Amino acid sequence: ASRNLIQNPSFEEGLHYYRDTASWCHQSYPGEDRDVYSIEKAAAHSGNRCLKIKTWKDFTYLSPLGTFSIPVMKGKCYVFSLYAKASSPNVCLSMQHISGEFQWPVAIVKECNLSNDWKRYEGSFKAENQAEALLVSAIDGVDPQAEAWIDDLQFEEAESASAYADPPIGV
């Protein structure tokens, strides 16, 4: 089986190894500061923690939460998968990647509406460079109080996702 290349994929270490990409371009949210990304201790898919995303309808492009750069082999196929659920069927999950050369806009790996139950979502792409960062965000155009939960991220060199596995120590 392939190994998981993401550090802290189930958020057991909080937001360690992740960054809100708004800080990359000094973007702010309209009208108020919000903790868009936080750690939830009660709703995890596995383990004790997961990522919670607050959405609101008056901001159509939420800055994604991104991983640190991950070394990859240029031209190889990689799969990005995760488990997610939401409080509203109108919540749209966006899974993206950005090359080590910081090509903007980011490339969409998968976009889909979430359900109330944990479900695995996956998308694949060919690495454009020798480093990739993975990004997640969620928006809801109807319910300003909607929330999404994300857990068990996996990134592996493969054509399709294998069973979820925590990375070995030191990866």
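Biologist: How many aromatic pairs does the rule give here?
Modeller: The count comes to four aromatic pairs, in what is a predicted model.

Biologist: Why is the pair of Y17 and F68 called edge-to-face?
Modeller: The ring centres of Y17 and F68 are 5.9 Å apart, and a pair needs centres within 6.5 Å. Their planes stand at 80 degrees, and over 60 counts as edge-to-face, so that is the name the pair takes.

Biologist: Which parts of the chain does this pair link?
Modeller: Y17 is in the segment before β1 (18-20), and F68 is in the loop between β4 (65-67) and β5 (70-71). The two residues are 51 residues apart.

Biologist: What makes Y17 partly exposed?
Modeller: Its relative accessible area is 25%; partly exposed lies between the 20% limit for buried and the 50% limit for exposed. F68, at 47%, also counts as partly exposed.

Biologist: Why is the pair of Y78 and F155 called stacked?
Modeller: The planes of Y78 and F155 are at 25 degrees, with centres 5.1 Å apart. Stacked requires planes under 30 degrees apart, so this pair is stacked. Y78 lies in strand β6 (residues 77-86) and F155 in strand β11 (residues 147-157), so the pair ties together parts 77 residues apart in sequence.

Biologist: How do you know whether Y78 is buried or exposed?
Modeller: Buried means under 20% relative accessible area. Y78 has 2%, so Y78 is buried. F155 has 0% and is buried.

Biologist: Which residues form one aromatic cluster?
Modeller: Y78, F125 and F155 form it.

How values were computed:
Residues are numbered from 1 along each chain as its sequence is written. This is a predicted model: local features need pLDDT of at least 70, side-chain atom pairs count only at pLDDT 80 or more; totals for chains, interfaces and linings use all residues. Side-chain values use heavy atoms; hydrogens and water are left out. Rings of Phe, Tyr and Trp (its six-membered ring) pair if their centres lie within 6.5 Å; planes under 30 degrees apart count as stacked, over 60 as edge-to-face and the rest as tilted. Helices (H or I, at least four residues) and strands (E, at least two) are DSSP runs, numbered from the N terminus. Buried means under 20% relative accessible area, exposed over 50%, partly exposed in between (1.4 Å probe, protein chains only).
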